[in-house]
Amino acid sequence: MLEFRKDLFAAERDDNLNIVGKGAQRQDMPGHVTGRSPFFDDHAFEGLLHLKVVRSPHHHARIRAIDTTAAERAPGVKRILRGADVPLNKNTLLSLINFGKDDEPTLAVSKVSYKGEPVVAIIAETEQQALAARALVRVDYDVLPHVFDVEEALKPGAPVVNETYPNNYFEYHDRYDHSKLRFGDVDRAFATADFIVDDRYQMSPIEHAPTETNGSIAAPEQNDRFVVHSCAQGLFFSLGTAAKILKLESNRLHFIGGTVGGGFGGKVDSLTEPLSILGAMMTGQPVRYVLDREEEMLYGSPRGAERIYIKDGILRDGRIVARRIRSYFDAGAYTRLSSYAAIKCTAHLPGPYTIPNVSADIYVAYTNRCPSTAMRGFGITAVDFALEVHMDKGAEACGMDPMEFRILNAYRDEDMKAHRRVAKNTALIECVQVVAEKAGWPLSDEARRQSSLTGGGGARALIPATPIDDNGRIGRPETRTGPATETLPAGAMRIPMTKQPIMEGSAEARPTPAAVPQYEPYRPTPASMPPAYQPMPAAPPPAMPPTAATAPPPAAAPAPAPAQPTQHGAVRFSSVFGTRRR
Amino acid sequence: MARHRGRGMASVNYPIGMNLGGDPSQALIHSNPDGKFTVALSAIDLGQGMKQVTRQVAAETLGVPMEDVYVDTADSDTGPHDMGSFASRGTHRMGNAVIAAAREARGVLLEAAAEELEVNAGDLVTDGRGNIHVKGAPSRSITVKATAQAAQFKQGKTIAGRGIFLIPLSTVDPQTGELNPNTAFAHACLVADVEVDDETGEVTVLKMASAYELGRAINPKMVEQQLVGGAWMGISHALYETPEPYYPDPSHGPRDFNEYLMPGPGDTAPYSVTILERPAPDGPFGGKGPGEMCANPVLPAIANAVYNAVGVRVNDLPITPEKVLRGIKANGGARPQPRRGGGG
Amino acid sequence: MAKIPVQFRLNGSDRAAFVGPSDNLLTLLRRGLNDFGPKYGCGQGTCGTCTVLVDGDLQLSCLTLAATCEGKHVETVSGMAEGPVLHPLQQAFMDHFAAQCGFCTPGMLTAAKALLAANPNPTRAEVIDGISGNICRCTGYDAIIEAILAAARGGQAKRTY
């Protein structure tokens with residue numbers, strides 16, 4: 001049941017549109033109901049070969065020897081692929097945006113780091129023949145000790161899961177073993193709190209379980225190219241990954257996809273494309289590599305588990321004054337996309353609330369399990385679970401109704417967020433109010449009067465003085481706990497605003513539509529603002545009865561924004577994660 | 001032994017797209033000689049509705065009927081680069097790229113029409129039904145079809161457009177986490193009513209109600225699809241799913257749909273959704289993107305409802321009967337919490 | 001291994017093939033006869049995406065030996081429409097937006113067709129029972145259930161925006 005509240009935010013909206021906003025039929029629906037939608041596997045090829053991989057039976061083991069002689073002689077077998085056949089047998093997905101180090105082989109050579117890791121690929125005339133030959137491959141392993149728990153993995157002396165990251169964590173900014181968020185002084189604020197709520201949460205791993213399993217078909221095409229029918233969630237992402245691993249120019253590959261039987265994040269990893277293309281290159285025939293359901297369930301890369309610790313400091317009146325978070329993403333054996341999830345998670349904290357003191361340490365840890373990857377709500381779903389259960393506990397601790405507690409602490413337009421940018425376009429309060437009304441959940445008159453449009457900014461827009469630290473230097477676990485090294489003064493910002501969106505396309509008759517991207521730069525706090533640490537906003541709190549009369553004064557007139565230097569050349573993520581120096 | 005009802009809520013926001021930026025999307029649009037348009041993309045439709053969303057955005061911007069636009073995706077030989085369908089970035093990033101391309105194509109279309117009508121292109125408007133006319137003078141008009149034919153065969157003009165949308169990459173301060181993050185945030189609040197059986201530990205979701213603020217519901221039917229399907233997935237994540245039921249012990253992993261538990265068609269709960277639209281300043285017609293966030297509030301709302309019903313906090317997902325029963329036992333029995341309004 | 005000749009009708013047309021004794025019907029349909037309507041979702045009989053009708057009976061083609069179809073009539077989603085005219089179930093699925101990724105849709109429609117053939121006026125519970133062997137990961141099922149009920153009623157879409 002879907003209904004609209006067109007009355008809310010009506011002034012910000014032009015509803016006089018022709019097609020946008022209409023529940024028109026999906027363009028792809030006729031294909032779906034007739035079975036004609038062309039999924040990757042719905043293509044006929046003469047001489048189609050089938051690829052299956054031999055997977056590691058161990059969580060962690062050194063490979064002593066691989067013997068494929070019996071498999072090579074098995075009926076129908078056309079070709080066997082090993083690590084040495086892969087032109088560039090080490091990759092990390094986000095290397096396409098220059099983020100992180102190559103750490104994962106397409107076919108394991110010297111050791112396996114998770115149960116199910118591909119070691120050998122077999123290409124045969126039928127799937128049954130490939131499966132039969134798979135059973136004939138002999139791999140000798142020396143089993144190694146394994147580690148499954150994220151916090152155990154980070155202890156000195158834990159088994160090394162991934163040689164590229166020998167300390168079992170992703171390395172942020174070439175400097176730290178975790179991603180940091182520091183805003184205000186949480187320790188001082190905890191000391192002022194009336195209630196401390198502290199707990200641990202565990203998000204389970206989740207399988208994407210799309211009804212269509214991962215797979216691809218690659219075939220030699222005219223002009224010495226290869227056509228690839230793919231279920232990738234990013235067509236050029238997969239094309240680029242395959243081109244890199246196979247050392248091919250991108251224009252030798254012709255990827256066709258776009259009609260995908262569910263993904264939910266589980267089809268970002270290019271699990272099959274490099275090997276099916278390599279198979280087509282080696283055999284000169286079309287090669288199909290499709291995961292069966294058991295492989296999809298066990299080795300198709302899940303949503304990673306996350307362990308999250310949250311500590312809140314809450315005043316008697318319900319205001320949260322401090323929130324500290326420590327979180328561990330379980331990447332499994334290789335990085336894939338977990339490193340980016342931690343970045344997104346860090347920026348999301350402390351959730352949709354204005355909290356004057358926030359600190360977070362987000363780790364990505366390697367363990368001997370199937371590498372995890374993106375899934376619906378990547379970087380957010382788990383921490384939202386933890387935050388919102390924690391909010392329920394916070395409300396209980398201070399004796400408030402959970403909805404009132406959220407409205408009291410909700411972020412509003414012009415509030416400063418913990419990553420030091422001003423909140424705009426907020427609407428949490430209205431969502432709470434609308435649901436309360438629908439569900440018959442009583443709210444106080446004050447809570448019903450609140451608005452995302454008012455009551456924000458002012459003291460809530462200040463960047464507090466912030467102690468910063470050098471804890472968690474790479475390779476030095478003894479530095480994980482340590483004192484602050486300095487205190488950044490109030491209002492301090494270190495990152496220039498470079499975020500004006502770019503939208504190309506020549507002018508046309510439609511005058512600047514409502515959709516023209518604008519990014520409001522943060523106005524630095526005038527120097528006259530008190531630089532000292534303030535335990536909490538001097539102005540009245542989110543003000544349970546602020547009405548129009550108590551709206552905050554307009555912000556000080558901003559100075560014209562200084563022109564930002566234009567960035568030249570390709571944008572490199574290395575400036576963010578790799579070789580950045582200051 | 002009894003069944004206890006409980007009610008819980010959660011409120012969330014969601015950052016749209018890759019939050020550091022640096023994730024471009026491109027679009028190309030061209031017209032047949034009779035004014036029918038093709039949008040060529042490399043974006044992926046994995047059920048979320050990319051083809052139809054971009055079709056509506058393109059038709060709206062071009063000012064032509066939706067039926068006059070088809071979206072062709074994804075072929076790397078014809079569709080230009082796009083980062084991909086993930087992080088709820090499709091509607092926002094690709095929608096903007098399509099707007100940019102459609103604006104360029106529309107510019108040529110109006111120039112061509114202006115030449116035919118011998119007026120200034122700036123004085124022309126489209127009626128969305130296949131006609132172009134002088135503002136305030138509908139009789140001085142030409143069809144899109146006639147315009148396209150004239151452009152193609154008489155004027156030698158290409159009615160086409162190219163578009164890209166890019167939020168430039170942000171740097172991150174390693175010590176504070178300061179960055180220029182996502183530019184659009186969607187919002188939601190959800191109430192879940194559950195029933196917990198204190199003998200079996202089983203949790204049944206009785207009904208749910210939510211409000212989602214999504215900037216602009218570009219296609220309300222598809223928003224409903226996403227939110228209803230996502231809520232189902234939320235129930236599934238909260239109560240059933242995991243490949244490692246005793247994580248971090250990896251044993252007992254399921255191998256198929258008999259062992260990997262999800263709610264079936266008989267396990268759904270009545271669900272009522274209200275849509276709020278506060279347009280994103282940089283979204284396509286204000287759109288944000290509902291795809292990723294629609295399960296997020298369900299998980300904690302159910303966990304909070306379970307606590308409300310029997311006084312057990314399950315901090316480790318999923319909330320299995322085993323965990324609920326262990327919690328009830330540790331508490332010395334079910335401890336129902338105060339009823340929430342309307343939750344009886 | 002010796003192949004077995006098999007002749008049957010597929011969506012009203014005669015087909016013939018040589019199959020291995022352990023070949024399943026799904027592989028024959030898709031790779032032997034290029035009918036890509038039925039989908040591979042699990043190969044284990046747990047997802048329903050490969051559902052077909054054999055002489056009117058609901059069968060999971062991944063678990064059906066191809067050789068057993070000798071002389072039978074196999075119906076897939078590819079033959080559901082009458083030429084250009086959609087089957088009422090297909091139309092109802094469209095009207096109710098009962099597909100997102102569309103991968104489970106062929107099996108879902110086939111299961112619904114078998115259900116309505118056996119029980120033209122099912123209750124909601126009977127519809128749920130009728131599709132309980134078919135997994136959908138996108139929609140949350142409600143739109144599918146409503147579409148099948150509407151097709152049984154000969155009804156159209158509930159509402160438009």
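In chain B, 18 residues of domain 1 are in contact with 18 residues of domain 2, contact meaning heavy atoms within 4.5 Å. In domain 1 of chain B, I218(B), P284(B) and F285(B) lose the most area to domain 2 of chain B, together 37% of what that side buries. The area buried between the two domains is about 1,400 Å², and carbon and sulfur atoms give 61% of it. Buried area is the accessible area (1.4 Å probe) that two parts lose on being put together, summed over both.

The model is predicted: local features need pLDDT of at least 70, side-chain atom pairs count only at pLDDT 80 or more, and totals for chains, interfaces and linings use all residues. Residues are numbered from 1 along each chain as its sequence is written, chains are lettered from A and ligands numbered from 1 in the order in which they are written, and side-chain values use heavy atoms, with hydrogens and water left out.

Polar links between the two domains of chain B come next. Six residue pairs are in polar contact there, both residues at pLDDT 80 or more. A polar contact is a pair of N or O atoms within 3.5 Å; within protein, one must be able to donate a hydrogen and the other to accept it, and residues adjacent in sequence count only if both atoms are side-chain atoms. The count of salt bridges between these domains is zero. A salt bridge needs a side-chain nitrogen of Lys or Arg within 4 Å of a carboxyl oxygen of Asp or Glu.

Now turn to chain A. Chain B and chain A bury about 13,400 Å² between them, 58% of it on carbon and sulfur atoms. Q175(B), Y247(B) and R278(B) lose the most area on the chain B side, together 7% of what that side buries. R278(B) also meets D413(A) in a side-chain salt bridge (2.6 Å, N to O). The interface holds 12 salt bridges.

Finally, look within chain A. Strand β11(A) (residues 225-230) runs parallel to strand β12(A) (residues 253-256), joined by four bridges. H229(A) has I256(A) as its bridge partner in β12(A).

Conventions
Two strands pair if DSSP finds at least two bridges between them. Helices (H or I, at least four residues) and strands (E, at least two) are DSSP runs, numbered from the N terminus.
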